[in-house]
Amino acid sequence: MVMKISALTLSSCSGKKFPPDFKFGAATAAYQVEGAWNVSDKAASIWDTFTHNNPTMIADGSSGDVACDSYNLWETDIQLAKDMGLHFYRFSISWPRLLPNGFANKISEDGTRYYNNLIDGLLANGIEPLVTLYHWDLPQNLQDLGGMTNPLLAEWFGAYSRVAFTLFGDRVKTWATFNEPVSICGLTYETGYIAPGIYSPGIGSYICAKNLMMAHATSYRIYDKEFRAKYNGKVGIVNNHVWYAPYSSEYEDLTYLARQLGFIYSHPIYSKTGGWPPSVEGIIAKNSEEEGYPTSRLPKFTAEEIEFVKGTADYYGMNLYTSRLVREANNSTFFLWPTNGDLDLNLDLLADPSWEVGLDWLVIHPPGIRAQLNLIREEFGDVEIIVTENGFSTSSDELDDVTRIQYLRDYLEQVLLAITEDGVNVTGYTAWSLLDNFEWNSGYTSKFGLVRVNFTDPFRSRTPRASAEYYADVIRHHSL
Ligand code: GBH
């Protein structure tokens, strides 16, 4: 069951050219870059509320109130993307900017204008938009009604999706419903550290998981039924993966389970059978029973729901930054953000001492991306995969960011090997991020940008780093 990572790393990159149709992009997300949190009729999102009410939860006490001011500086962003030669730009729509009531009864003219400008501006410069519908900024009023833990989420998100598809679907051909369910449900409810700040480990996280799957599928089916024939686009979901390898050979079975847990939000969509990964579902059901719960803490899918969710993606979006070793928890080292199910599976996730540690959680292990791409194919067949995020952060403002260049080069090389040596169907790569931006709990202290942003400058001046030039070079030559 466990893939041998060593076998994958042996061959080296022969022809360093990417396939002719392969596309390169860079990403941002609304709350992290837009700012203008209360202009016009925009309503508050859970991140507005969370940062305003809990500044101590953010490293520098900051918020996304202004962020990169991309609400005003979108033309500059497009110019930067163009200078880099990006084929596509991945950004997200702020739900409460487009629908100030959260519900679809009122569409903001200002929000519509903003996203139309951005989309048209990108297209005029030959850059395709890849649009994420939900990158963590839920309308606060929907949170007040239970947010992701309310099963009506599917209805709300479906209606919001329909508005976005109607307004922008003529020009946006690649959609992602949710960015990282594992962060939205796992990180959120297992820790309470991120918006909406509700701590409900093993309960809220799993209720969210099911509702999110249903909401994703609702959105996909709306596109399928009402828009696909006219617009012929693609709809998918973005999963965050961490490559898991066994700490030692005695943990191969546990590593298999950890990888299945990593597919908790993929299995219902991409597997032939649908539903939760059976091994993981079984463990959670058993734990729940032992704890005296009448039903599993992980809500079941009915047979109809399994069919409803199954097959609802036209591509597989993968974010991957890092790797971990798996062993049984022994209350010592915990070296990964807690996610859904770590507790139920009793996992410890560690860094190998030979791997270089970047900022915080970002341990560098390039072969991990190739291995995970192979694992996705092994698990779900020849699905088209787009690497929707990969990147490196520093705490310093440096423009000569040699470590980031090294990281990008080494990870890109492994993506290329996955394509050329292993035949995995990877069609695109997205660098996180175009810009330094509001890095959630780290505020502005963790910098992921190919382009530096000066956050003390009221004009939020932008300066491309050496990595931007490096990436432009890769794109220009379509090779490493
Ligand atoms: C992605 O998350 C997000 O999509 C993006 O918005 C974000 O800016 C980017 O990566 C870089 O982080 O403080 O130890 O609890 C990647 C998954 C989940 C990794 C949250 C960092 C916090 C670790 N991230 N996690 S910790």
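Reader: Is Thr 28 buried or exposed?
Author: Thr 28 is buried, with a relative accessible area of 1%. Buried means under 20% relative accessible area, exposed over 50%, and partly exposed in between, with a 1.4 Å probe and protein chains only. The model is predicted, so local features need pLDDT of at least 70 and side-chain atom pairs count only at pLDDT 80 or more, while totals for chains, interfaces and linings use all residues. Residues are numbered from 1 along each chain as its sequence is written, and side-chain values use heavy atoms, with hydrogens and water left out.

Reader: Where does Thr 28 lie?
Author: Thr 28 lies in the loop between β1 (23-27) and α2 (30-33). Helices (H or I, at least four residues) and strands (E, at least two) are DSSP runs, numbered from the N terminus.

Reader: Which residues is Thr 28 in contact with, leaving aside its neighbours within four places in sequence?
Author: They are Val 33, Tyr 89, Arg 90, Phe 91, Ser 92, Trp 432, Ser 433 and Leu 434. Contact means heavy atoms within 4.5 Å. With Tyr 89 there is also a polar contact of 2.7 Å between the side chains. A polar contact is a pair of N or O atoms within 3.5 Å; within protein, one must be able to donate a hydrogen and the other to accept it, and residues adjacent in sequence count only if both atoms are side-chain atoms.

Reader: Trp 432 is on that list. Where is Trp 432 found?
Author: Trp 432 is found in strand β11 (residues 426-432). At 4% relative accessibility, Trp 432 counts as buried. The C-alpha atoms of Trp 432 and Ser 393 are separated by 9.3 Å, although these residues are 39 apart along the chain.

Reader: And what kind of peptide bond joins Trp 432 and Ser 433?
Author: That bond is cis, with omega about 10°. Ser 433 has its place in the loop between β11 and β12 (451-453). The peptide bond from Ala 195 to Pro 196 is cis as well, with omega near 5°, and Pro 196 is in the loop between α9 and α10. Most residues other than glycine have a negative phi, and most peptide bonds are trans.

Reader: What is phi for Asp 360 and for Arg 460?
Author: Phi of Asp 360 is positive, near 55°, and that of Arg 460 is positive too, near 50°. Asp 360 sits in the loop between β8 (356-357) and β9 (363-364) and counts as partly exposed at 46% relative accessibility. Arg 460 sits in the loop between β12 and β13 (462-464) and counts as buried at 13%.

Reader: Let us turn to the ligand. Which residues come nearest?
Author: Of the 17 residues around the ligand, Gln 32, His 135, Asn 179, Glu 389 and Glu 439 come nearest. A residue is near a molecule if one of its heavy atoms lies within 4 Å of it. A polar side-chain atom of Gln 32 lies 2.8 Å from an oxygen atom of the ligand. For Glu 180, an N or O atom in the side chain is 2.9 Å from a ligand oxygen, and for Trp 440 the corresponding value is 2.9 Å.

Reader: How much of the ligand does the protein bury?
Author: The ligand taken alone exposes 570 Å², and the protein buries 84% of that. Accessible areas come from the Shrake-Rupley method with a 1.4 Å probe; for residues, only the protein chains shown count as cover.

Reader: Which elements each supply at least two residues of the shell?
Author: Those are α9 (181-191) and β6 (316-328).

Reader: How many residues of α9 are buried?
Author: Eleven of its eleven residues are buried. What covers them includes β3 (128-134), β4 (174-179), α10 (204-226), β5 (234-246) and α16 (342-345). After α9 comes Gly 192, whose phi is positive, near 70°.

Reader: Finally, how many helices and strands does the chain have?
Author: The chain has 19 helices and 13 strands. Its radius of gyration is 21 Å, close to the 23 Å that the globule rule gives for 480 residues, so the chain is as compact as a globular protein of that length. The radius is taken over C-alpha atoms, and the rule is 2.2 Å times the number of residues to the power 0.38. Buried residues make up 62% of the 480 residues.
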